Amino acid sequence: MKATLVTKDNHLIWADVPDPVIKEDEVLVKIHAAALNRADLMQREGDYPPPPGCPEWMGLEIAGTIEQIGSVAAKESNWKLGDAVCALLGGGGYAEYVSVRYDMLMPIPKNCSMVEAAAMPEAFATAYLNLFTEGGLKEGDTLLMNAGASGLASVVIPMAKAFGARVITTVRAPEFVEKVAHLNADVVVDTSTEDIVEVLKRELEAGHPVDVAIDCLGGDIMGKCIHYLKHGARWIMIAALAGTKTEIDLKNIYVRNVRIIGSTLRSRTPAVKAQILAGLVRDVWPKVESGDVKATIYRVLPIQEAEEAHDILYRGENVGKVVLTVNQ
């Protein structure tokens with residue numbers, strides 16, 4: 001089969017690799033579409049290696065059809081040959097085929113295309129994990145979701161809204177305010193003209209401070225913002241694209257009982273990931289099928305143009321997900 005490999009000079013090529021051989025608890029999926037994540041860029045740069053046993057090529061979420069089922073997978077699950085599925089991977093999605101543990105598969109929600117389904121597993125599982133497992137988000141809570149134009153925010157914001165939360169988000173330029181309008185955040189802060197710290201101060205003084213923050217930026221601004229949350233709030237760090245260091249008034253943290261939580265999906269055990277996916281199918285898939293939550297697709301390209309797809313993320317121009325299609 002073919003997969004997308006990284007050359008010595010850091011380019012991407014569509015090249016021949018060995019066919020996957022499934023284990024007894026795995027299924028073989030013929031890939032129709034694979035979505036991009038910023039973790040793919042980090043892996044390409046050598047900063048985010050795949051877990052042991054995963055293919056060397058990138059790709060954390062795919063959609064496709066089941067081609068083969070291992071003996072344990074057949075016994076322990078209801079999957080059948082030809083089933084349309086989407087899957088959360090440790091890696092290996094930029095390819096024609098991938099072997100997947102049976103409990104890392106989810107049925108494609110009704111009325112979703114392969115492209116839409118490919119954009120769901122990693123982003124939706126990350127959103128679900130951090131909103132509900134780590135964040136304990138409840139109806140009526142206020143969420144701060146930084147980087148509102150990101151692929152993750154395009155899932156987190158509508159998911160939080162569908163479960164009754166009030167949402168504040170940030171964008172970095174005026175043109176993005178309109179681009180994220182369809183996500184229906186309650187407050188969109190253009191940080192090129194407005195100080196998010198001052199916004200959070202006003203929210204606190206107005207009696208509806210932030211209960212949960214999901215932050216992929218970090219940097220100096222994180223330490224300034226965290227002082228203006230609700231008593232008992234949770235600040236969840238999932239990345240640090242704006243910098244890995246900040247300054248925090250520790251007294252404010254313990255007096256206000258604020259929790260700082262580091263969280264990544266990829267580092268979770270397979271058993272925990274399986275629980276997250278089961279929760280997604282149980283709690284979120286009905287809202288996907290009703291139209292309350294959906295994947296936002298920015299652009300679709302053939303997998304042979306994976307390098308151009310990566311450049312879209314490097315340039316930061318996308319609002320929503322970039323997806324690669326595999327024509328076999």
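**Loops, helices, core and pockets**

Tutor: Leu81 is exposed, with a relative accessible area of 58%. The model discussed here is a predicted one.

Student: Where does Leu81 lie, and which residues does Leu81 touch beyond four places in sequence?

Tutor: Leu81 belongs to the loop that joins helix 2 (71-76) to strand 5 (84-88). Its C-alpha is 9.5 Å from that of Val29, although 52 residues separate the two in sequence. Not counting residues up to four places away in sequence, Leu81 touches Ile66, Glu67, Gln68 and Ile69.

Student: Is Asn146 buried or exposed?

Tutor: Asn146 is found in the loop between strand 8 (142-145) and helix 5 (153-162). Its relative accessible area is 8%, and the limit for a buried residue is under 20%, so Asn146 is buried.

Student: With which side chain does the side chain of Asn146 make a polar contact?

Tutor: Leaving out residues up to four places away in sequence, Asn146 touches Thr170, Ile214, Asp215, Cys216, Leu217 and Trp235. From this group, a polar contact at 3.3 Å links the side chain of Asn146 to the side chain of Thr170.

Student: What is phi of Ala147?

Tutor: Ala147 is also placed in the loop between strand 8 and helix 5. Ala147 counts as buried, at 19% relative accessibility. Most residues other than glycine have a negative phi. In Ala147, a residue other than glycine, phi is positive and near 60°.

Student: What is phi of Asn10, and where is Asn10 placed?

Tutor: The loop between strand 1 (2-6) and strand 2 (12-16) holds Asn10. Asn10 has a relative accessibility of 28%, and therefore counts as partly exposed. Its phi is positive, with a value near 70°.

Student: How many residues of helix 5 are buried, and what covers them?

Tutor: The buried residues of helix 5 are Ala153, Ser154, Val155, Val156, Ile157, Pro158, Met159 and Ala160. Helix 5 is thus mostly covered, with eight of its ten residues buried. The covering elements include helix 4, strand 8, strand 9, strand 11 (210-215) and helix 10.

Student: Why is helix 4 described as largely enclosed by the rest of the structure?

Tutor: The buried residues of helix 4 include Pro121, Glu122, Phe124, Tyr128, Asn130 and Glu134. Helix 4 is largely enclosed because its buried residues number twelve of 14.

Student: Which residues touch the most other members of the largest nonpolar core?

Tutor: In soluble globular proteins, nonpolar side chains tend to be buried together. The largest nonpolar core here has 94 residues. Those that touch the most other members are Val100, Leu105, Phe124, Leu143, Met159, Leu280 and Trp285.

Student: Which residues are in contact with Phe124, leaving aside its neighbours within four places in sequence?

Tutor: Contact is counted for heavy atoms within 4.5 Å. On that basis, Phe124 is in contact with Ala119, Val155, Met159, Leu280, Val284, Trp285, Val288, Val293, Lys294 and Ala295.

Student: Which element gives the most to the lining of the largest pocket?

Tutor: The largest pocket contains about 950 Å³ of space. It is lined by 39 residues, and the closest to its centre are Arg38, Ser150, Leu152, Cys216 and Leu241. Helix 1 (38-44), helix 4 (121-134), strand 9 (166-171) and strand 15 (321-325) each supply at least two residues of this lining. With five residues, the element that gives the most is helix 4.

Student: How does the lining of the largest pocket divide by class?

Tutor: The classes are nonpolar, polar and charged.

Student: What is the volume of the second largest pocket, and which element supplies the largest share of its lining?

Tutor: The second largest pocket has a volume of about 640 Å³. Among its 31 lining residues, Glu26, Gly53, Cys54, Gly90 and Ser99 are the closest to the centre. Two or more lining residues come from strand 6 (97-101) and from helix 10 (270-289). The largest share, five residues, is that of strand 6.

How values were computed. Residues numbered from 1 in each chain as written. Predicted model: local features only at pLDDT ≥ 70, side-chain atom pairs only at ≥ 80, totals over all residues. Heavy atoms only, no water. 1 Å grid on protein atoms, 1.4 Å probe; cavity = no way out; pocket = protein on both sides within 12 Å on 5 of 7 lines; lining within 4 Å. Points joined across faces, edges and corners; volume = space filled by probe spheres on them. Helix = DSSP H or I, 4+ residues; strand = E, 2+ residues; numbered from the N terminus. Nonpolar A, V, L, I, M, F, W, Y, C, P; charged D, E, K, R; others polar. Core = buried A, V, L, I, M, F, W, Y, C linked by side-chain atoms within 4.5 Å. Buried < 20%, exposed > 50% of the residue type's maximum accessible area, 1.4 Å probe, protein only. Polar contact = N/O pair within 3.5 Å; in protein donor to acceptor, adjacent residues only side chain to side chain.
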